[in-house]
Every structure is written in structure tokens, then in C-alpha cells.
Amino acid sequence: MSTFWGPDFAALERDDPEIAGVLLDEVDRQRDTLQLIASESFTSPAVLTALGSTLANKYAEGYPGNRYYGGCHQADRAEELAIARARSLFGADHANVQPHSGAAAVLAAYAALAEPGDPVLAMGLPHGGHLTHGSKANFSGKWFHPIAYRVSPVTELIDYDEVRDLALAHRPKLIICGATSYPRRIDFARFREIADEVGAYLLVDAAHFIGLVAGRAVPSPVPYADVVACTTHKALRGPRGGMILCRAELAQRVDKAVFPFAQGGPMMHAVAAKAVALREAASPAFAGYAQQTVRNAQALTVELAAEGMRPVTGGTDTHLALLDLRELGVSGREAEARCAQAGIALNKNAIPYDPAKPAVASGIRVGTPSVTSQGMAEGEMRRIAGLVATAVRSDPETVSGSARLAEVALEATELARRFRFYADAEQDAEQQVLV
Ligand code: PLP
């Protein structure tokens, strides 16, 4: 009979009180403040258990049944489960669950589909795209030839006609859609049409919204894309990491692009944790969470708009909203700092055609996966919008502003503590002891 050997916090506190202190303080931060970072959510205790397991010790370069190390039987079982669950959840021919991160998944997708120097058409960073979509600071901009499409200056929606015009003019090898700060659904069928017209591969970077796809809260890109690159740690609520889904014909190219091209040994504890998260994501409860996440984002956006923060594109149909603060005369950087002081974690964000520098930015991005995981609904979104609005308007340099920020922080803590994500786990554990 096997016994599980898992994290022993008392030993860590004894042997390394400094790091133990960091971990305790982070638990407190996550419990006592409001998390509105659009790319974060809460992982279940089961996911954390897999992450803290002895699979962390195992080298398993290669793929199930074909490893470069001995002793991989358990690693094979974990990875096979993760692959099967990903394929079944997303209806994909093939899944690779080894990418260490979203950026690593995108790098591998480029490697599978294009050669250095090839033209790649993707959304520009200032319009909501990701660094891996052609930034000069990233491999994608240094090793490939990026062409950026934009959103319309009027509607702030993707301008599909411009995407087509650019595709016809530049004949890209690869077209990428999927973004970091775009609040609307993407028309994958339209992108497929454009890619087919110019003979390009279509890569959907679903890092942000793959969790919503799993919960059937937004349409799936899988039927349209050649390759879908994802993270597993955002709305999907898995461990930090990446994943790639693709058509059967591309399976070998994708696998070789992940290992040995881009990575060495997989993080098997993370692969096991991905398997756990993928199983959870197939449950009706997860679909409820994904759908409520979108409803909460919509409710939060309406309330913030009423407070004078203009929603880019007029609203959202995903888990996030982008808000233009220019009417309030507060920069994104100031708003982020004020909210942080008031116990609300969110991030500054450029808005399309932003006159401010990226480090200052005219907007903020808010997301609802974390607060929805905590069990909050539309009523709480109204309350959160009020807290965000008060915080954004409170100048910490003034006595009254700093007092108001302190009041908001108390209210944020009260609300966050009322909806503790990990409280259930503790209660379950207590109940199990009683049983
Ligand atoms: N792609 C998109 C669209 C993202 O938003 C992100 C992360 O924010 C990534 C890729 C990169 O993911 P990671 O931070 O795991 O490398």
C-alpha cells in the first residue's frame, strides 16, 4: 500500500523560516486582498498537491513510452492522463502538455509552423497582442518578420478587412490571433478564411481564454486553428505552464518543436497537476464558474462605466475588461498604485492608440476569474466597482485621499475574507478528520 509524501510546512518553518514567512505572507495577501488580475485565478488544493509531489524529482526527457531516462513508468501514466484529458475536453486530435509556459508553447508553435525570417501576421502589442506576437524585445520580433494588425480606431474591434489586406500584401507563413488585453470574442472562422486565402497556417494563442473554452463560456478555436497554444494557469485554474493542441498531421512537428527543439525535460509535477486541472475543468461546476466569470466581467464593466471609466470596445464578452481612465484624469500607472494601496490587485494597461507611454498607460485591465472562483457574483461586482472607483479617484498624496485608500483596503479585506477560496479546503480537511 503506497502512502503519499507531500509538503511538510512545519519542516520548512523549522529549516527555512525566511521562505516559510514568504509563503505565509502570500497566503495572507491572497486571502486579504481582491485579485482582479485578468490572467490569474486560484488553483485547487488537488492541483497544489500534485505540484508539491515527488514527481518534481523525475527527469523524463522524451514522451510517454519513448524516454531518454529509466524509471519513467509513473511519469508516463501522468502524462498520458493529461494528454487524454486535454484531447477529450477540447476535442483536439493531439495535445502536448509539456510546455513550461505560455510563451514556451508559442515559441514551439512558431518552430513547428515557420522558419526564421518568415513573415508572421499578428496583433500588435499596443492593440492587445502579446510580446510573443512580434515584439522586437522577443524572439518573435528578432527571428521572424512581424507584421502587425490593429483594432479599428472607431470600434476598437479587430479590423478583419485590414487583417485580410495585410495578409494579401505580405503573404505571411503564419497568422496569429488571440490576445492579452482584448475583451471581445474573436471570429476564428474569419481568420481561418483569411489564412486559407493566402496559404498561411493559423495559430490561435488562447492563453487567456482557454479556461472559458473549457467551460463552454466562449466558442472554441480548435475546429479552426492548425495549432492552439495555451497557458494552463490563467482562467483554466491549473499549474503555471503551457499546452499545445493541434491537428493530427501536425502532431509530430509540434512534439519535436517542444522537445528537443525548445525544451529539455518536462516538469512532471506540473504535468500531473495539469492532468488534475483538466479533469476539474471537465466538470459541470467548472462550466458554472467559467460562465459566471463572464457574467461577472460584464457586470463589473457596466458598473465601472457608470463611474466614468470608459470600457474599450464598449464592454466585454470574456473574463476581462479594459478601461480608459482619461476622463478621470488618472493614468493607468497611478490607478494601479492606488488600487494596490487599497488592497486591490489589477494592472495598468495601454488602450488602443494610447497617447501615454506603455509604462504610464491610459487604462487598467480588470479580470474576474479569481473573484468568481471565490464564489462572488454580480452583487459583489457592484461593490468591487465602487471600491475600485473610490481607490482610483483617491490621491495618496493628500490626507483625505490616503485615508480613503485605507478605508477601501479595510472593505476589500472584509469582502475577500468573506469569500475565501481555500477556506473550503480547510473545512473539508477538518470534516474528514471528524469523519
Ligand atoms: N500569450 C498570451 C496571449 C498571453 O497573454 C500570455 C501571458 O500573459 C502568454 C502568451 C505567455 O504566457 P506565460 O506568461 O505563461 O509565458
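This is a predicted model: local features need pLDDT of at least 70, side-chain atom pairs count only at pLDDT 80 or more; totals for chains, interfaces and linings use all residues.
1. Please keep both elements in mind as you look around the structure.

2. How does the chain score on average? Its mean pLDDT is 96, and 97% of the residues reach at least 70. A stretch to treat with care is residues 431-435, where pLDDT stays under 50. For these residues the model has zero contacts beyond four places in sequence.

3. Next, the domains. The domain assignment gives domain 1 as residues 54-281 and domain 2 as residues 284-422. How far apart do the C-alpha centres of domain 1 and domain 2 lie? The distance is 28 Å. The two domains do touch: 28 residues of domain 1 are in contact with 27 residues of domain 2.

4. Now have a look at the ligand. The residues that surround it are Ser101, Gly102, Ala103, His130, Ala179, Thr180, Asp205, Ala207, His208, Thr231, His233 and Lys234. Sorted by class, this shell has seven polar, three nonpolar and two charged residues.

5. Which atoms of the protein and the ligand pair up? Asp205 places an N or O atom of its side chain 2.6 Å from a nitrogen atom of the ligand. Gly102 uses its backbone instead: one of its backbone N or O atoms is 2.8 Å from a ligand oxygen atom. For His233, a polar side-chain atom lies 3.5 Å from an oxygen atom of the ligand. As for cover, the ligand on its own has 400 Å² of accessible area, and the protein covers 85% of that.

6. Two spots in the backbone deserve a visit. Pro260 belongs to helix α10, residues 251-262. The other is Thr313, which is not a glycine and yet has a positive phi of about 70 degrees. Where is Thr313 found? Look in the loop between β11 (310-311) and β12 (320-324).

How values were computed. Residues are numbered from 1 along each chain as its sequence is written. Side-chain values use heavy atoms; hydrogens and water are left out. A residue is near a molecule or strand if one of its heavy atoms lies within 4 Å of it. A polar contact is a pair of N or O atoms within 3.5 Å; within protein, one must be able to donate a hydrogen and the other to accept it, and residues adjacent in sequence count only if both atoms are side-chain atoms. Accessible areas come from the Shrake-Rupley method with a 1.4 Å probe; for residues, only the protein chains shown count as cover. Ala, Val, Leu, Ile, Met, Phe, Trp, Tyr, Cys and Pro count as nonpolar, Asp, Glu, Lys and Arg as charged, and the others, Gly among them, as polar. pLDDT is the predictor's confidence in each residue, from 0 to 100. Contact means heavy atoms within 4.5 Å. Domain bounds come from an automatic or database domain assignment. Helices (H or I, at least four residues) and strands (E, at least two) are DSSP runs, numbered from the N terminus.
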